[in-house]
Amino acid sequence: MAEHLSQSELDYPFKLLEYFNGFRVSKVIFSACELGVFDLLLKAQEPISAQHVAQELNCSEDGMERLMDALVGIEILEVETKDGTALYSSSDVANLYLAKGSGKSLHDMIIYQSQTIYPLWNNMADAVREGKNQNEKTFGLPSEDIFKALYRSEEEMLKFMGLMNSSWVLDGHDIVTAFNLSGFQKIVDLGGCTGALAREMAKAWPSSSVTVLDLPQVVEVAQKHFPQEDDAVEFQSGDFFSDEIPPADLYILARIIHDWPEEKCVTLLKKIHDSCRPGGGVLLVEALLFENRRGPVTAQIFSLNMLVQMEGRERPPSEYTRILEKTGFHNVQVCRTGKCYDTILATR
């Protein structure tokens, strides 16, 4: 593939230029979300001019017209001309994923990417050079206390929790149905954040009881800002590293193991193994690398993000299998969902 790319690019580097401009494309979408463009277009329910959008959002008409034209260029907005005036409307994709009001909105994910991940990635070269996260350089916070950086204020905690919530609204169903989990009666989602993935689990396997265990401040914010009527999920406060882990048949670790270096992962998984009921198991949810190092590019990018923000990395299935077997688990099964996140099931 690399050889094919280099050969096709020799006459003119179209693909390289597309890659170079990737951050600009991201910022076009990020800026439109932050300004409220997609929410306004959804509310309007008819094509409107850039002048109207600029007035409603307190922006310059020239700047808004350029932004909306770029959104048309990347096929997120649509445009038509009537009596010499350009009128803009949202695509179905924008209405579904980019406006706040949609049940599948990724708005919170986008805000987190723009305001937290983007500044961190400005220091990627330093992360590669130093081999450690850039929280101190980016936010003035100690690099060794990663969750102090993530949860440095309730506003920042809400951004992160919104990111996690968006992820599981998008991928949750595929994750919880990747394996037959009907035999696990008591399920605990360790670090389950807003409870979005746990709720998908409860919907898919209604005969199981599902509990989210997370830090006290996370549980408090989750119940305040992400409540659900007739919630089938219970919340329990605790630190899975320092507190006792409640007995269960199945433990979910969704985007948890990739946060930490191997020695800390081993400590946690041994602790889970000791708490796990006979016949129980653990379900890991991560972006799995290919064994041949050729992708998926999403997982490779995520692994770089772990370098610049956290202490861990993404791994291929063989590494997870080795770590799980090292901590007493066996019968490791892997399911690639074909989406951002994959699953690994192992039994005690």
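Buried means under 20% relative accessible area, exposed over 50%, and partly exposed in between, with a 1.4 Å probe and protein chains only. The model is predicted: local features need pLDDT of at least 70, side-chain atom pairs count only at pLDDT 80 or more, and totals for chains, interfaces and linings use all residues. Residues are numbered from 1 along each chain as its sequence is written, and side-chain values use heavy atoms, with hydrogens and water left out.

View 1. Helices (H or I, at least four residues) and strands (E, at least two) are DSSP runs, numbered from the N terminus. Arg293 sits in the loop between β8 and α16. Arg293 counts as exposed, because its relative accessibility is 74%. Its phi is near 70 degrees, a positive value in a residue other than glycine. Pro296 lies in the loop between β8 and α16 (297-309). A cis peptide bond joins Gly295 to Pro296, with omega about -15 degrees. Most residues other than glycine have a negative phi, and most peptide bonds are trans.

**View 2. Cys193 in the loop between β4 and α13.** This loop, between β4 and α13 (196-204), holds Cys193. Phi of Cys193 is near 60 degrees, a positive value in a residue other than glycine. Is Cys193 buried or exposed? Cys193 counts as buried, because its relative accessibility is 3%.

**View 3. Helix α13 and its surroundings.** Seven of the nine residues of α13 are buried, so this helix is largely enclosed by the rest of the structure. The buried residues are Ala196, Leu197, Ala198, Arg199, Glu200, Met201 and Ala202. They pack against α12, β4, β5 (209-214), β6 (233-237), β7 and β8. Contact means heavy atoms within 4.5 Å.

**View 4. Helix α12 against helix α13.** Two packed helices are described by the angle between their axes and the distance between the axes. Axes are lines fitted to C-alpha atoms, for helices over the stretch in contact, and angles run from 0 to 180 degrees between N-to-C directions. The axes of α12 (residues 154-176) and α13 come within 8 Å and cross at roughly 30 degrees. α12 and α13 are therefore roughly parallel to each other. Angles under 35 degrees count as roughly parallel, over 145 as roughly antiparallel, 65 to 115 as roughly perpendicular and the rest as oblique. The crossing of α12 and α13 is right-handed. A crossing is left-handed if the near helix is turned anticlockwise from the far one by less than a right angle, and right-handed if clockwise. From α12, Asn165, Trp168, Gly172, His173, Ile175 and Val176 meet Ala196, Leu197, Glu200, Met201 and Ala204 of α13. The residues of this contact divide into seven nonpolar, three polar and one charged. Ala, Val, Leu, Ile, Met, Phe, Trp, Tyr, Cys and Pro count as nonpolar, Asp, Glu, Lys and Arg as charged, and the others, Gly among them, as polar.

**View 5. Helix α3 against helix α8.** The axes of α3 (residues 22-35) and α8 (residues 107-121) come within 9 Å and cross at roughly 120 degrees. α3 and α8 are therefore oblique to each other. α3 passes α8 in a left-handed crossing. Phe23, Lys27, Ile29, Phe30, Cys33 and Glu34 are the residues of α3 in this contact. Their partners in α8 are His107, Ile110, Ile111, Gln113, Ser114, Gln115 and Tyr118. The contact of α3 with α8 comprises seven nonpolar, four polar and two charged residues.

**View 6. Helix α15 and its cover.** α15 (residues 262-275) has 14 residues. From first C-alpha to last, α15 reaches 20 Å, close to the 20 Å expected at 1.5 Å a residue. The expected span is 1.5 Å times one less than the number of residues. Buried in α15 are Cys265, Val266, Leu268, Leu269, Ile272, His273 and Ser275. What covers them includes β4 (186-190), β7 (248-254), β8 (276-286) and α17 (317-326).

**View 7. Ser90 in strand β3.** Ser90 belongs to β3 (residues 85-90). Ser90 counts as buried, because its relative accessibility is 13%. Not counting residues up to four places away in sequence, Ser90 touches Phe38, Leu41, Ile76, Leu77, Glu78 and Asn95.
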